[in-house]
Amino acid sequence: MAQAAAVAKPPAPPRRRRASATPRRLPYLLIAPAALLMLGFIAYPVISVFYYSLQNYNPTKPWRNGYAGFDNFVHAFTKDPVFWDTLVFSAKWVVVEVGLQLLFGLALALIVNQTFVGRGLGRALVFSPWAVSGVLTSAIWVLLYNSQTGITRYLADMGIGSYGTSWLSDTSTVFPAAVVADLWRGVPFFAILILADLQSVSKDLYEAAEVDGASRIKQFWHITLPHLKDAIILSTLLRAVWEFNNVDLLYTLTGGGPAGETTTLPLYIANTSVDAHNFGYASALTTVAFVILLFCSMVYLRLSKFGGESK
């Protein structure tokens with residue numbers, strides 16, 4: 001009876017199962033093949049460029065191939081005036097193009113952000129050039145600048161200029177002509193990004209500003225522009241990098257001419273590698289361009305305080 005009267009022990013609490021680590025690692029395991037593939041496609045070319053920049057490598061002159069050290073870089077900075085000319089023109093091209101594209105893109109974004117009849121069609125027309133490839137854009141503008149059937153022919157018919165004038169072969173007009181062609185393609189990029197950011201600006205801010213008597217200009221400077229700060233910084237940085245690396249449009253329009261007037265550093269690199277087969281020196285120039293872009297991007301983000309609060 002004493003044993004029967006003994007108090008039964010309460011059942012032991014169930015043991016907690018350790019959470020399996022597999023479900024937490026599963027997403028990383030699933031994206032690992034794609035990540036490794038992308039890493040290979042990115043890392044291998046970059047490492048190859050750095051490697052060949054220290055080599056003399058020309059498939060047409062194999063007897064000269066071998067380790068060069070920093071000779072390619074020394075040659076670029078001390079013995080190659082074309083390098084400096086193309087670098088200066090690249091800086092000029094980037095500043096002019098990005099500045100004008102930002103200005104016109106901002107203006108178009110403010111216009112198509114308003115409510116008016118046919119706004120959808122207007123936005124489609126504004127954004128459509130961005131869907132056109134660089135080579136096709138070049139082909140369109142080559143036809144427009146054709147001296148026999150293009151703009152200059154119709155201007156000559158109206159008594160403006162003379163017949164047979166080619167803006168792309170004249171050193172005084174080739175730069176503005178190339179700038180206009182690239183503006184047509186680049187302005188929609190800024191318009192798209194800025195318009196997307198304008199959609200998030202609260203209308204209450206503008207209504208409160210109108211109640212306080214703020215003019216449209218003051219509303220733009222104190223409400224719209226501060227709100228667009230990060231979008232403008234990011235879009236100008238991306239576009240500056242793309243414009244610096246612009247090869248397709250200038251190569252198709254002018255080929256870097258006339259007399260090298262429109263040869264950018266990337267176009268010079270392309271000619272050095274593809275035409276001259278000097279892949280070692282071209283790799284060194286590519287490394288220099290990479291360092292320049294990286295340094296300028298870091299300084300630009302630092303000075304612009306990207307992601308910080310607008311005062």
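Guide: A polar contact is a pair of N or O atoms within 3.5 Å, where one must be able to donate a hydrogen and the other to accept it. Keep that in mind as we look at this predicted model.

Visitor: How many residue pairs are in polar contact between domain 1 and domain 2?

Guide: There are 3 such residue pairs, with both partners at pLDDT 80 or more. Each pair is called a polar contact because it has N or O atoms within 3.5 Å of one another.

Visitor: And what is the count of salt bridges between domain 1 and domain 2?

Guide: That count is 0. A salt bridge needs a side-chain nitrogen of Lys or Arg within 4 Å of a carboxyl oxygen of Asp or Glu, so a count of 0 says that no such pair was counted between domain 1 and domain 2.

Visitor: Which classes of residue make up the side of domain 1 that touches domain 2?

Guide: On that side there are 5 nonpolar and 5 polar residues, and no charged ones. Helix H3, residues 71-78, gives the largest share of it, with 3 residues.

Visitor: What makes them neighbours that touch, and how many residues take part?

Guide: Contact means heavy atoms within 4.5 Å, and therefore 10 residues from domain 1 and 7 residues from domain 2 take part.

Visitor: What area do domain 1 and domain 2 bury between them?

Guide: They bury about 640 Å², and 60% of this is on carbon and sulfur atoms. Tyr-57, Ala-76 and Phe-77 supply 51% of the area that domain 1 buries against domain 2, more than any other three residues.

Visitor: Which residues does UniProt label "transmembrane region"?

Guide: The unreviewed UniProt entry places that feature at residues 26-54, 93-112, 124-144 and 279-301. In the model, residues 26-54 are 93% helix and 0% strand, with end C-alpha atoms 42 Å apart. Residues 124-144 are 71% helix and 0% strand, and their end C-alpha atoms lie 22 Å apart.

Technical notes: Residues are numbered from 1 along each chain as its sequence is written. This is a predicted model: local features need pLDDT of at least 70, side-chain atom pairs count only at pLDDT 80 or more; totals for chains, interfaces and linings use all residues. Side-chain values use heavy atoms; hydrogens and water are left out. UniProt positions are given in the numbering used here, feature names are shortened, and annotations may be inferred rather than shown by experiment. Helices (H or I, at least four residues) and strands (E, at least two) are DSSP runs, numbered from the N terminus. Buried area is the accessible area (1.4 Å probe) that two parts lose on being put together, summed over both. A polar contact is a pair of N or O atoms within 3.5 Å; within protein, one must be able to donate a hydrogen and the other to accept it, and residues adjacent in sequence count only if both atoms are side-chain atoms. Ala, Val, Leu, Ile, Met, Phe, Trp, Tyr, Cys and Pro count as nonpolar, Asp, Glu, Lys and Arg as charged, and the others, Gly among them, as polar.
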